[in-house]
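Hi everyone, thanks for coming. Let's take a look at the model together, and then I'll walk you through a few spots.

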Amino acid sequence: MTKEELKIKLTEFFPTATIEESGEWVNINIAPAGFHPAVDVLRNKVELSFDYLFCLTCIDWKTHLTMVYHFESTTYRHQLVVKVQLDRNKPEIETVSHIWRTAEFHEREVYEMFGVNFLNHPDLRLLILPDGWEGKNPMRKDFEDPVNMIKL
Amino acid sequence: MYRETEIVKQPGTGEPDVFGDMVINIGPQHPSTHGVLHLVITLNGETIKKVEPHLGYIHRSIEKMCESLSFRQFIYVTSKMDYLSSHINNHACCMCVEKGMQIEVPPRAQVIRVLMDELTRLASHQLWWGAGAMDIGALTPFFHAFREREMINDIMEETCGTRLTMNYMVPGGVMTDIHPNFQNRVHAFIDHFKSKIDEYDELLTGNVIFENRMQGVGYLSKEDAISYGCTGPTARGSGVSCDIRKLYPYEVYSKLQFDEVLETGCDCYARYIVRMKEMRQSLSIVQQLIDNIPEGDIQAKTKAVLKLPKGEYYSRVETARGEFGVYIVSEGGTTPYRIKFRSPGFSNLSALDQMARGGKIGDLVAIMAMIDLVIPDIDR
């Protein structure tokens, strides 16, 4: 599917979401409340069938957090970037690990690095950081650690 | 976290201790993990019930570090992630910066880059072959593999100055021109390795003991491979077409003759065969290019200080272990605002539990060897 066709299809399924083409691929901004039904559509609608989540990450914009999901369909070879804006003080979003199993590890990484709480995640624990790091989120922009310096 | 081996009793069953599940630790210092990976394994008898990786023993927070490095500097840090594919990591980062700056790489630099990538892939697969066989109990292949790998290291040392973390690629091309000896040395390597790769097959591939250790072990279905985000030979052994060089060709890959190796066995043996065939494909790519390096510049003209326009950039390349992605968010400054490395090993490792569950503890090392884990790549 070309980008234009994909955009038209997406507008059919998500009339309220904003669709843009800022980077290399089509971007779609979804509100956190509508995220859970939206990922179901992305995975299960035959015309879309985004079955491969190749990158899951988060960006700290100092005022809010943005979750970024990169999807690809191995059948049609089209890509989509899904962005969800979260409240920085209480970031919460539904997990996608029941649909894309790779998300289980990626979400645990985002959880410890950014402090995003993934609802209904099967095993939300620290993955990379040592025990006792809960509450401090190293990848946030305001994180300072004078002992273990990360900033060069 | 479990620190010691212990017996976990099912609550309320009233069974004696001997029928409980045993939790054992492998690593962080264990020879078969090839680094510092800690696995907590729940066993019932000899059957694996659960494998739980604990990461972070070599976490250096490269992503955070890159946020305070300029667009020229951060590339050198990425060599230390997947140190067996350091050229390819550098390549991905350079491509991402070039995408943002809209730099056109001269044809000579493109060919040199691809040559280096494929030589790195060969060296990486050779190490995997030797070390993987050693994990399973065959010690001889290790010495064979390192004999050939040494030749590639010598080639790299002559041109790039280093043997492992090369830091040879810069935005716009490559750092220096190839050494005058480069082509002769690569020719000598091709002639040598062409006969040796058949020897590899004779030594290991058809060996009955080896086949028994590999076939039917570590089953990963095609759907699971996609769902777990597996890439590289791990996914191609399950029949998933995921070679970025074929799907989204970069540099001169679109003009080259090579096949994407796909196997449908879904087990360790299929992953093994994929890598063995890939070595031949890489050798063929090197052969096609070595006499056809075009004359010209090795670097495009770039500004001393790079400022990526505001926006998001993503580049994907195929490393020896799978798809490596670089995601840069720029605010228009001299340093990246946010950078994310999508490392192939991280996703491949997440499928380890799926592959090992229900199997025997003795097969776990074989499964890990065929995923080809590189721990710094997973921890970043």
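What do the buried residues of α5(B) pack against? They pack against α4 and α6 (182–205) of chain B. A word on where this comes from: it is a predicted model, with local features needing pLDDT of at least 70 and side-chain atom pairs counted only at pLDDT 80 or more, while totals for chains, interfaces and linings use all residues. Residues are numbered from 1 along each chain as its sequence is written, and chains are lettered from A and ligands numbered from 1 in the order in which they are written.

Helices here are DSSP runs of H or I with at least four residues, strands are runs of E with at least two, and both are numbered from the N terminus. Buried means that 20 or more other C-beta atoms, placed from the backbone, lie within 10 Å of a residue's own. In α5(B), the buried residues include Ala145(B), Met151(B) and Ile155(B). Just after this helix, Gly161(B) has a positive phi of about 95°.

Now to α4(B), residues 107–136, and α14(B), residues 361–371: their axes, lines fitted to C-alpha atoms over the stretch in contact, come within 9 Å and cross at roughly 175° between N-to-C directions, on a scale from 0 to 180 degrees. The two helices are therefore roughly antiparallel, the word for angles over 145 degrees. Among the residues that α4(B) brings to this meeting is Gly132(B), and α14(B) brings Val365(B), among others.

Finally, the two chains: their contact (C-beta atoms, placed from the backbone, within 7 Å) takes 27 residues from chain A and 31 from chain B. On the chain A side, β3(A) gives the most, with six residues.

Conventions:
Parallel < 35°, antiparallel > 145°, perpendicular 65-115°, else oblique. Buried ≥ 20, exposed ≤ 12 C-beta atoms within 10 Å, placed from the backbone.
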